[in-house]
Protein chains: 2
Amino acid sequence: MTQASIAVKIVLDRWNASLATTSKILQELNDDQLAQQIVPGKNRGIYLLGHLIAVHDDMLRLLGLGDKQYPELGEPFVKEADNPAAPFPAAATLRAIWETQVPFLKEKFATLTIDDWFTRHTAVSEADFQKEPHRNKLNIIITRTSHLEYHAGQLILLKK
Amino acid sequence: MTQASIAVKIVLDRWNASLATTSKILQELNDDQLAQQIVPGKNRGIYLLGHLIAVHDDMLRLLGLGDKQYPELGEPFVKEADNPAAPFPAAATLRAIWETQVPFLKEKFATLTIDDWFTRHTAVSEADFQKEPHRNKLNIIITRTSHLEYHAGQLILLKK
């Protein structure tokens, strides 16, 4: 294995492990717990679930792997802050999307070669990428793993 | 830049960014807030601060960069769960250690070459590493960044 292929493996392994951790937390929370705010005045669990789905959905676009699958979730779960008064999809709906999305993204990511991971993500221009070659697709996985862990650490607090 | 050197850069950049985020959160919390439990019955902020310091301290050993600087923090902040009855270092002491540790680790990490990052970490044997070359030093940074983000997502909840 080359160093580059090992680097891609450890980054993707950690992403998949973080998803597995989060899936386990979600399974351990019932819908009532998911409807609670993590702490008073902060995001509800269900908002975080929708937020993670919407952010991960946008990775398809950033990685040049196709269009968002759930574009309707961008507005309520990324652009807007949590608002208990806004109508949200049911927890069961979001849970089902999560379970579908995890293997779907894994399959999509598997179509990229090692070299592909070191090409630019779609939010950076070709000119900028020449100057900043670290703004590649692999970096998207790294930053999204951090984001996922940050919120996983919050979701687990809903467990009693 | 080679793909390997770009990979090392994006992993270390993310680690440093996660440390910076956490430093900012710590600066925004006063000692009273840090003494609170994140949610009732869960870890206190000060426990998480000590925990992060102790886990990061152990990275020196894992990366073959020397001995722990604060071995006395392993028992109360890693082996033991949070216990409000146990005597803890003062918040000011832990804050000072954090501020010292962040640049200290950065300086230590800077002594490793790109190739060094792809050598085994010290918790894996040479024989196992031959079979599992992904258990390298770079992987330690990746897993510890995830761990840090997980707890940073909790610490920020203490902000009112």
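**The interface of chains A and B, and aromatic pairs**

In this predicted model, 33 residues of chain A are in contact with 33 residues of chain B. The two chains bury about 2,900 Å² between them. Carbon and sulfur atoms account for 70% of that area. On the side of chain A, Gln3(A), Ile10(A) and Tyr150(A) lose the most area to chain B. Together they make up 23% of what that side buries.

Polar links across the interface were also counted. Eight residue pairs are in polar contact between chain A and chain B. The count of salt bridges between the two chains is zero.

Three elements of chain A give two or more residues to the side that touches chain B: helix H1 (3-28), helix H6 (114-117) and helix H8 (137-155). H8(A) gives the most, with eleven residues. By class, this side of chain A has 17 nonpolar, ten polar and six charged residues.

Tyr47(B) lies in helix H3 (residues 45-62) of chain B, and Phe77(B) lies in helix H4 (residues 74-79) of chain B. The pair therefore ties together parts that are 30 residues apart in sequence. Tyr47(B) and Phe77(B) are both buried.

Phe109(B) and Trp117(B) form an edge-to-face pair. The distance is 6.0 Å centre to centre, with 85 degrees between the planes. Phe109(B) is buried, as is Trp117(B). In chain A, ring pairs link Trp15(A), Phe109(A) and Trp117(A) into a cluster.

Methods:
Residues numbered from 1 in each chain as written. Chains lettered and ligands numbered in written order. Predicted model: local features only at pLDDT ≥ 70, side-chain atom pairs only at ≥ 80, totals over all residues. Heavy atoms only, no water. Contact = heavy atoms within 4.5 Å. Buried area = accessible area lost by both parts, 1.4 Å probe. Salt bridge = Lys/Arg side-chain N within 4 Å of Asp/Glu carboxyl O. Polar contact = N/O pair within 3.5 Å; in protein donor to acceptor, adjacent residues only side chain to side chain. Helix = DSSP H or I, 4+ residues; strand = E, 2+ residues; numbered from the N terminus. Nonpolar A, V, L, I, M, F, W, Y, C, P; charged D, E, K, R; others polar. Buried < 20%, exposed > 50% of the residue type's maximum accessible area, 1.4 Å probe, protein only. Phe/Tyr/Trp six-rings, centres within 6.5 Å; stacked < 30°, edge-to-face > 60°.
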